[in-house]
Structures are given as structure tokens and as C-alpha cells.
Amino acid sequence: MLMGTTDTIIAGRASPADLAGLGVGNSISMTIFMFISGVIFAVTPIVAQLYGAKKFEQIGQKLREVLWIALFLGILIAVLFMNMGFILNNLPIDKSITDISIKYLQAIALGFTFLTVFTCLRCYSEGMKLTVPVFVIAFCGMILNIPLDLMFVYGWFGAPKLGGVGCGIATTIVSFIMMVAMFFYIAISKNYKKTQPFSKFSWPSSSTTKEAVKLGVPIGLGIFIELSMFSGAGIILAVLGESIVASHYIAINIASLFFMIPLSIGLAAATRVGNLIGEENLIQAKTASHSTIYLCIIAALVNIAVILVFREFIVSIYTTDIVVFNLTVGLLIFAAFFQLPDGIQMGALGSLRGYKDTFVPMILLFISYWIFALPVGYYLTNFGFGNPYGASGMWIGMIIGLSIFSILSILRLRWVTRKSLRFSI
């Protein structure tokens, strides 16, 4: 997420057009990536439950088989990114923005192949509660991304000056290094030895593929529905001009950056609850899921306070354009209150993944975001009650959608935990 923040800050200081082009390209790329690679996110609950049941050799076998899926999906993503020009050129967005977006997507195409494989290795490690190696490698990648961004965006150290497109090249280089580093660490570390991850060669398995697809496709679709809300919001606002688009993407990036705290708690819940389910400790699994919700609420309240108090300072880091600055400061009020329902839903969603419950949450996401958030946001943005609300209307719509899903996801979690306890008696 900090890599994306670095891209946004550096591109934002290049020009509003570079920032808007990067924002459109980044929202499209992350939406497609999360949708297609959602199958890979199934690795965490699969590994977590096997780890809780102490079936270590099966974990290594699953990893080798899922890596084939990750490679295939990564190549598919790269092909899609290389050919996104046809779609972008037909959207109601200024050509000055889409030209940058198309070149950016082409620059990151191969990088997302590497990132898909890295994600598979990351989920495998996190499923066994080995989260520190992932953090260290990702943190080093984020640090490396800063000089690479500066080189390729501004043309430093003899590199070509590419503007926002340069962020795509930097991302590709960093993604490759992170993937290789994760492979190397898993191969040599004694922490993974009991699962024998690379002890032998394994071909793709139909049973593992079916399991990953059954569990992962709803995860991918759910993430796609959520991210498409943000992408759809950007497209709806694109007709209002590059300054509004740029301010919207800065506000989204800031909101997303603060959201990493409840997101981390939710991801930890998927591992923790999955481990406890594997151990058949269902009462403690219920306690863990409830604790996740409370922790996410606390984190969200802290985020709200920090954003409201320091919003002008935070925005000044991103842009020197006075118009974009003023628009973004206004949107951050919505971004602050955005944190509470977003944090609650992530806590519930993470716990549900630990139970391997992914299909119904996908349906609830669809109802909340596509039936409520986007239509309400579109109406308020363009019509409002008397006068169009502009970008504020879109944010109000998103907050409404998130609030609805946070309530529905908590109700679903209560039903799942009670059902698991009832069946265990």
C-alpha cells in the first residue's frame, strides 16, 4: 500500500494529468488483479486449517500445486493489461488521462505476473502464522520503490523521464525482486522445512484446483465488487475534470492507507480463526472472531481522529496544486468517517474467510455496493436533492454501501459461528 502511496505522491508532484492517469490505471489494475488472483487468496484459509490440524506435508503439496495456478493467472493478467487500450479509449475520460493510463498498464503488466506468484507464497507463509518474513520483504520492496519512482518519473540518474508511466516500470522491477526474495527465503529457512515446500516436483492437481477455485472465486468476485465500486466512482467523476479525479484518487489513497490497520487485523483473523477451526477449537474461534470486530472498531476510531486533525498536512504531502489540495481536504472529511464501516466489515470478512465462508459474503457485497453504493453515489453526484453534490455525492454513496455491508457481514458472522458450534455438539 505504501508503494502505491509513493507512486501517488511522486506522480502527483509531476502534474495533475500524471496523477489522474496513474489513478485510473491503478484502480483498473488492482480491480482486475484482485478479481483474477482471488483464487490465490484461498491459500491462506486452506493452509491455516491444515496447519491447525498439523498436516504439514499436505501444506507443501498444496503450495506446489497452487503455484501453477498462480503462474497461469499471472500471465492472464499480463495479457489483459497489455490490451486495455481498447476499453480505455472508449470510456468518457480525457485522452490526456487515458494515454498515461494505457502506457502505465503496459509497464506493469509483467510486474503483476510476478506479484501474483509472490501473493501465493505470501498467503502460504501467513497461513502458518509466519508473517514477519512477508513484512520484511514487502518493506524492503517499498523502500526500493522510492528511488526507482524518482528515477523513472523525473528522469533522474540518466533514466528516461516518463511521468506517471515510470511508476509502472518501478513496480515491475520491485515485484520481481520481492518474488525472488520470497522464493529464496522459503527455500532456505528452517521455519518452512516441516512442510517440505520445494522438496519435490508436483504437477497441477485437479482436486487442489477445484478446492482453490471453489473457495477463491467468491473471494475474488467479492474483492472485485468492492474495488469496482471505487473504480466506478472514479469513472463517474472523470467527466468532472482532471482536478476532481486527482483529488478523488488522493483521498482514496489516504483512506486506503489508513485502512491497512483494520485490514491487517482482518487478515490475521483469517489465519487465527482458520488455525482454531483446524484444531477443532470452535469456542475459541468464535472468541477470536468477536475480538477482531472490537479491534477493528478501535483502529477505525483512531484513524478517524488522525485524518480529521491532520488532513491538511497529509494532503500537502501529495500535491502542490492548490485546486487539487482544496478539493482533497474537503473529501477527507468523508474519508475519515469512511473508516468505521470499512473497518468493521473487514474484521467480519476476515473471520468469515477463516471459516471458509466466502460465497454468501460475495452476494452481500454485491447487494451493498452495486445495488446501493454506486447508484446512490451516481444520483447524488449528478443530480442530488436540488443541486448536484459533485464528488461529495459519490463518497456519501460509498459510505452508505459500506455501512450496509458492515451490518450484513456481522449478521452473517453471528450465524456462521452459531452454526459451527451447534454442529459440533
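Which residues have the most contacts inside the largest nonpolar core? They are Ile 40, Val 43, Phe 81, Cys 120, Tyr 124, Met 128 and Met 182, in a core of 70 residues.

## Before you start

This is a predicted model, in which local features need pLDDT of at least 70 and side-chain atom pairs count only at pLDDT 80 or more, while totals for chains, interfaces and linings use all residues. Residues are numbered from 1 along each chain as its sequence is written, and side-chain values use heavy atoms, with hydrogens and water left out.

## The nonpolar cores

A nonpolar core here is a set of buried Ala, Val, Leu, Ile, Met, Phe, Trp, Tyr and Cys residues joined through side-chain atoms within 4.5 Å. Buried means under 20% relative accessible area, exposed means over 50%, and partly exposed lies in between (1.4 Å probe, protein chains only). Helix α7 gives the most to the 70-residue core, with 15 residues. Helices are DSSP runs of H or I with at least four residues, numbered from the N terminus.

Take a look at Tyr 124. Leaving aside neighbours within four places in sequence, Tyr 124 is in contact (heavy atoms within 4.5 Å) with Val 43, Val 47, Ile 59, Leu 63, Ile 186, Tyr 192, Thr 195 and Pro 197. A second, separate core has 46 residues, among them Ile 304, Phe 338, Leu 365 and Met 398.

## Helix α8

Helix α8 covers residues 132-154. Its 23 residues should span 33 Å at 1.5 Å a residue, and the end C-alpha atoms are 33 Å apart, which agrees. The expected span is 1.5 Å times one less than the number of residues.

Buried residues of α8 include Pro 133, Ile 137, Met 142, Leu 148 and Phe 152. What covers the buried residues of this helix includes α1 (2-14), α7 (95-127) and α9 (165-188). After α8 comes Gly 155, with a positive phi near 75°.

## Aromatic rings

The structure holds 20 aromatic pairs. Rings of Phe, Tyr and Trp (its six-membered ring) pair if their centres lie within 6.5 Å; planes under 30 degrees apart count as stacked, over 60 as edge-to-face and the rest as tilted. Phe 135 and Phe 139 make a tilted pair, because their ring centres are 5.7 Å apart and their planes stand at 35°. These two lie 4 residues apart in α8, so about one helical turn separates them. Phe 135 counts as exposed at 54% relative accessibility, and Phe 139 as partly exposed at 39%.

Phe 183 and Phe 198 are also tilted, with centres 5.6 Å apart and planes at 35°. This pair links distant parts of the chain: Phe 183 is in helix α9 and Phe 198 in the loop between α9 and α10 (206-238), 15 residues apart. Elsewhere, Tyr 378, Tyr 379, Phe 383, Phe 385 and Tyr 389 form one aromatic cluster. The charged end of Lys 194 sits over the ring of Phe 56, 4.6 Å from its centre; this term asks for NZ of Lys or CZ of Arg within 6 Å of the ring centre and within 35 degrees of the ring normal.

## Two lysines with positive phi

Most residues other than glycine have a negative phi. Lys 129, in the loop between α7 and α8, has a positive phi near 70°. Lys 129 is partly exposed, with a relative accessible area of 45%.

Lys 356 has a positive phi of about 60° although it is not a glycine. Lys 356 lies in the loop between α13 (322-354) and α14 (359-382) and is partly exposed, at 31% relative accessible area.
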